[in-house]
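Reader: I am new to this structure and would be grateful for a close look at one part of it. Please describe the aromatic rings and their surroundings.

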Amino acid sequence: MLKVTINGIEIELEKPVTVLEAAKQAGIKIPTLCHFDGLPPFGGCRLCLVEVEKLPKLQTACTLMTTDGMVVRTETAQIKAARRAMLEFLLINHPLDCPYCDKAGECELQDLVAIYGPEAGRFAEGKRTHPESFDDPIIVRNMERCVLCTRCVRMCDELQGAFAITVTGRGSHSFVEPFTGGKYNCEYCGNCLTVCPVGAIMSRLHRHSYRPWYVEREVQTTCGFCGVGCTMILQMREEHIIRSIPRMGLGLNKGLLCVRGRFGYDFVESTERLSTPLINKNGQLQPVSWPEAYEYIANRLKEIKEKHGADAIGAIASGRCTNEDNYMLQRFMRFVIGTNNIDSLARLSYAPTVSYLESIFGQGITANLIPGIANSDGALVVGGDPTTINPILGLQIRAIRKNAGKVVVIGPPGGLKRFVTNALITDPYSEEMVLAAVLGRLSEEKELRGELPRLEEKIRAVKIPSQDELSDAIEVDEINAAVDTLKGMENPVVIIGPEIAMQKRSSKRLFLIAAIAYLINARLFVLSERPNLQGLMDMGCEPHMLPGGRPLEFEMFRHKMEESLGKKVPESKGMNLFEMLDAAQDGQLKALYVMGENLIQSLPNREKVESALKSLELLIVQDIYLTETSRLADVVLPASSWSEKDGTFTNLERRLQSVRAARTVSPGRADWQIIADISSQMGDSGKFSSVESVWEEIIHISPLHAGLSYEDIAKGNALWPYHGEPLRGVEGEFDVEGIDSLPEKRDKEAFYIQLQRPLYHSGSTSRHSRALLSIMGEPLVMINPSSAERLSLKDGDKVVVSSDIHRAEAKIKLSEDVRAGEVALCNTFSGLNFMQFVDYEVSPVLGCIVITKNNVNIEKVT
């Protein structure tokens, strides 16, 4: 125990900390400009100078560590004079444009000068000038205001890991700029905006339109973009979101946000939002009242059920909707309609991946804490770039390397390229070979522990490629180096992206990853592109699962649910997403209720999906925009967006988090409320007056969520298995495709199109964000420079991309993140997207989507 005296107050410390931190613990404020919690100390601004007994000079409190018996003074005449002098120096070149500056009212320099600064400056020389930079779409830089605290540089280097900016020039001509000058070549996370104490780096979105006193209220909520679940503060004026900001130390993101979370919120205020129900009359969607829409839906569903049976009706839940929304949809299907035909786009990869891993290791195997990734000594990343799919999770992987750990990536490293120890870059069709080779080498080095006999039996049965068989895919030395890295890890993590499940023999790939994780004793993480994919699974939005992760096939679970609600649970397993589309095309499925998803945009073979939806007698779409799917609907219901309703999300680590309404007036209605109203119209006796009443029923019938209140969730520690009961004893039975064979070789001369998951967009929703469109406003076909050279193409050229099912013209962009022999295209934009070019089949083991017919021809437009 250390004892330190600051301004006559004795402080007891358990361990040495900086004088600044010790003073903070005692409630003593020491002024700073260059210090920021979470960043390494710098000691550059000299405003935190303090006197320490027995030391002849003033010391910087942010760098000086406490020692036992230390006596410190923070407000002597000498210290005040030094602070006044430092502020006077800073004001020599700092422009006195406070009324005009967007930082006014929250400028730290302004506040410090008011307390400690001189009454007037003594320097008559002219101030330095530097042109304001508008090179970037969402950031404006005014380096005349910069005080060279280097907070932004340290944030970019130490926490973000982007290394995009530095201090350039010398003396009074030093400025913070990109290395290349001009436009930032960065991730546009905006975390430099968070730490800038003055108006040097600001948001262009709020230029001359924001002041702190405009903020009428602040709402803490959870981000609605990806499955990490970052905590953010929405600052409101009237019913408009004027800014989205993090708070240091708040939530699992600890004060960091990505570009989507910080700038992409404006999609909720798009002029394209739906505001009234629509019914297709004479081939045109016509506005109607809510009562008319409800009556029409109820009558049509009753007719179809009476004529064709309950199993002629299906529903699609959404990973963008809350747990309460998704629970109500499955409740409607099971207890009002009487069928288990409910599924979601989690079926594409996330749900089958998690379910398969649980069949090997047991339920909850992926419920691992995201902040714990940075404390690991190594990571294996496969199946996608975490820095674009789940950016804040990606920063945790970068932190492993900065903490002297090691990172192995199979596939293009993308945003991890500076942090990779071993990168096994091969085409996706050879990844299975690489994984098998890694498993083979690890099996020679690591003993099987006997904990999972079924898994170990299959590990022994895996066909390992020989050196000759592997030579076409990758150098054997690279495999050996990666295995040497993996076997040296003591506390590793394995990060699994969505690409793994979308390739042929996906169960084999996933099994190989699971086996590697077992051998190195790693924690597993499955990347999630939507905020609530895990939550909709937990709510029972699967054709074979009930709320709380209980299999439908077990009679005891059905009976418990029936006893709790007094309603009959349908016994037969429902149809999944792909089975429903096939049944619609065959005329067996007559009605489909789609909540919050754009099926035509999100699934391959648009012609087939459109044909299936057009074959339905009734298509109901509940969304916030008129999408490609809702344009085909018989009824369109305007819903509330993520920032307009209360509820909960469950993130990829299975942490339950609060979602709070910031906009109290919505052009639509909450999804759960719409479903409750339709249920009531169809005779359901359930009474749901608020979202809290929905949650009360969830914790009443779900064994996993039993006893979990909104108050518990709001505390931020609602971690799986909460207060409930996880399901045990379901692991051990799983199949593997082609365990004793090697994959077919692909045509190395052909080009293949792959799905690009850009950092700046998230599905088709973000195409309604003006901020994100200003960064990436059109679809570009990404191509490796070597492939472009082979085709005599250069950056910006127009090409025709053609596959067996689609042909379109597009511009190309050269990128090292795309493998040779491939092109990549995102799936955000309506006119040109990845899913238009490819077909699919369903994995016989996982039941997920497998992309097929993705070979393409690339021709230059002359």
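**Aromatic rings and their partners**

Author: In this predicted model, the charged end of Arg449 is placed over the ring of Tyr518, at 4.2 Å from the ring centre. Another such arrangement involves Arg237, which lies over the face of Tyr214 at 4.7 Å from the centre of that ring.

Phe225 belongs to the loop between strand S10 (217-222) and strand S11 (231-237), while Phe267 belongs to the loop between helix H6 (259-263) and strand S13 (278-281), so the pair ties together parts that are 42 residues apart in sequence. Phe225 is buried, with a relative accessible area of 3%, and Phe267 is buried as well, at 6%.

A further edge-to-face pair is formed by Tyr356 and Phe734, with 6.0 Å between the centres and 80 degrees between the planes. Because Tyr356 lies in helix H9 and Phe734 in the loop between strand S29 (718-719) and strand S30 (751-755), this pair ties together parts that are 378 residues apart in sequence. Both Tyr356 and Phe734 are buried.

Helix H9 (350-361) provides the largest share of the lining, six residues. By class, the lining has 17 nonpolar, ten polar and eleven charged residues.

Conventions
Residues numbered from 1 in each chain as written. Predicted model: local features only at pLDDT ≥ 70, side-chain atom pairs only at ≥ 80, totals over all residues. Heavy atoms only, no water. Helix = DSSP H or I, 4+ residues; strand = E, 2+ residues; numbered from the N terminus. Nonpolar A, V, L, I, M, F, W, Y, C, P; charged D, E, K, R; others polar. Buried < 20%, exposed > 50% of the residue type's maximum accessible area, 1.4 Å probe, protein only. Phe/Tyr/Trp six-rings, centres within 6.5 Å; stacked < 30°, edge-to-face > 60°. Lys NZ or Arg CZ within 6 Å of the ring centre and 35° of its normal.
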